[in-house]
Amino acid sequence: MIRAVNLIMLIVVLAPVVVVMWMSLTPTAMFVLPITQFSFRWYREALSYPGFVDAFFLSAELALFAALITLALCFLAVYGIVRYRPAGAAVLRSFFTAPLLVSAVVFGIAMLQFVNRIGLYNQFSGLLLAHVVLVVPFAIRSLEATVRAVPEELEWASMILGRSRANTLLRITLPLCARGLVTAFLFCFLLSFSEVTTTLFMTGPSLQTLPVRIYTYMSDRIDPTVAAVSALVVLVSLAVVVFLNLLGGFRRLDSQG
Amino acid sequence: MQDRRIPAPWLFAAPLILVMAIGFVWPLLQALVNSLHPNTPQGIDVTQWTFGNYKRLADPFYGEILVRTLRISFAVTAITGLLAYPVALYLARLSPRAQSLVILAYISPWLVNTVVKALGWTLLLRTNGVVNTILLQLDIVSTPLKLMLNETGVVIALIPGHFIFVLLPLWAAVSGLDPALSWAAGTLGARPSAVFWRVILPLTLPAFVAGLVINFIMNMTAFAIPMLLGGARNMVASMLAYQVNLITLDWPMGGALAVTLLALTLAIVWAGQKFAMQLAAGRGLRP
């Protein structure tokens, strides 16, 4: 019985993603069921629609910068917390993971009113700030495990041999964390790349990320072109997920989340 | 040595603290401050302070939206709760390798953005969609079912959307149990159902409740799925927030909505945590 429940649940969880990929291969302009022939024409259509192509590059650029900035900020903060164990460590950790408690809608409203107030409405930097804050909790959790796994003795050895702490951090600790850093980077990239709600609340019409562009397109009409671009998004996401899994990233995230 | 080491951790954390202060604390405070000013045709009147925006929330129009939001969220969380235990118990019995594969299958759709999944559900649930086509072909129904642009569609699409928030903590709790507990109960004559109700359930209840709480607030604040599968006629809180902030541009009211939603979710999280801790304490467990 419990096996059947698991199977049904798996189907239900995977169904929407599979259906989008399947439907994107229809040769006709309407989704006529059953689909017996397959064609890539809607992919060509999607890739020649500038709205989607521009939005893809904006999303990729945003996710790249958001992940890199978050990684740099969080690595330093986590190093400080893990190595020095300051009295306020617990408070700092709760502060950095607090965005998890604020729903995307609430944060989107707050961001909308904030970027308008300081004149960053419809600016890349405003979006970037929001995406950094959104992925910080995940980076903190995943990097904390990474830094903890580095034996402190190796840093002591390096410092006894005359390297400064900064030099040790750069030449010893950072390389030892490489795998964890790549994992955290991919995870942050994917979360930013997939973010919909906050971005939708705070962006103007001329600065739409790919998920937001798909959303606005879909509110107007549903055709195979939007299915094709969605299928491409799924492929990008799955590629990152497979990579993450190869790095063993999920075990680390599961145990913490 | 000691006095030189004290400021170091704060120095390392300072850049992130600064970014979080500007990008997280300030925006939330900005929305709070805006919500305490009246809205005028010329914009926000910052010279006046008022609770008027919150008082307007008592209007039956908002009450109806809140009740619908809670109804949908509760339905989703209840069904999720029923489904999560069988799946977690099944998972825990698999080999570690199989477990991580199945978990990956549950996690990967979560990492695909919601809009794409909403598109998938639309293609599945609409009148001439996949589900209705199959049901008609198999003669299970004679006319297509109305599966979307109503609350049913929202509930159907939200269940798998937020399933892992219950599954992951529950799976961790179930697979963390000492198998000797179940064997001991079995050798003492307990049937499998008794082992579940008397041993497994009490020991994993805190994790289960914690997962349900997160699931509930995720349902309460979901946006894209209710919008695209429920339609404008089945407005929930997040859609109202969108309308007020981006269509009617009444930011003081929008701020009040944000603050209220935030307070509501924090209250639910707090109560849920207290409840889970009490459960744990009641069973002689550490929280």
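Just after helix H12 of chain A, A:Gly248 takes a positive phi of about 75 degrees. Helices here (H or I, at least four residues) and strands (E, at least two) are DSSP runs, numbered from the N terminus. This is a predicted model, in which local features need pLDDT of at least 70, side-chain atom pairs count only at pLDDT 80 or more, and totals for chains, interfaces and linings use all residues. Residues are numbered from 1 along each chain as its sequence is written, while chains are lettered from A and ligands numbered from 1 in the order in which they are written.

Back to the helix itself. H12 of chain A covers residues 224-246, and its end C-alpha atoms are 32 Å apart, which agrees with the 33 Å that its 23 residues should span at 1.5 Å a residue. The expected span is 1.5 Å times one less than the number of residues.

A:Ser230 lies in this helix. Is A:Ser230 buried or exposed? A residue is buried if 20 or more other C-beta atoms lie within 10 Å of its own, exposed if 12 or fewer, and partly exposed in between, with C-beta atoms placed from the backbone. A:Ser230 has 32 C-beta neighbours inside 10 Å, so it counts as buried. Leaving aside neighbours within four places in sequence, A:Ser230 is in contact with A:Val20, A:Ile214, B:Val116 and B:Leu119. Contact means that the C-beta atoms, placed from the backbone, lie within 7 Å. A:Phe52 is 178 residues away from A:Ser230 along the chain, and their C-alpha atoms are separated by 10 Å.

Of its 12 residues, 12 are buried, so H6 of chain B is largely enclosed by the rest of the structure.

Now the interface. How many residues of chain B are in contact with chain A? There are 69, and they meet 71 residues of chain A. On the chain B side, helix H2 (residues 8-35) gives the largest share, 17 residues. By class, that side has 51 nonpolar, 16 polar and two charged residues. Ala, Val, Leu, Ile, Met, Phe, Trp, Tyr, Cys and Pro count as nonpolar, Asp, Glu, Lys and Arg as charged, and the others, Gly among them, as polar.

Next, the core. A nonpolar core is a set of buried Ala, Val, Leu, Ile, Met, Phe, Trp, Tyr and Cys residues joined through C-beta atoms within 7 Å. The largest one has 159 residues, of which A:Cys74, A:Cys188 and B:Leu167 touch the most other members. Helix H3 of chain A (residues 50-84) gives the most to this core, with 16 residues. Beyond four places in sequence, B:Leu167 is in contact with B:Ala84, B:Val87, B:Ala88 and B:Tyr106.

Chain A has 13 helices and zero strands, and 47% of its 257 residues count as buried. Its C-alpha trace spans about 70 × 55 × 35 Å along the principal axes. Chain B has 14 helices and two strands, and 43% of its 287 residues count as buried. The C-alpha atoms of chain B fill a box of roughly 80 × 75 × 30 Å along the principal axes.

Methods: Contact = placed C-beta atoms within 7 Å.
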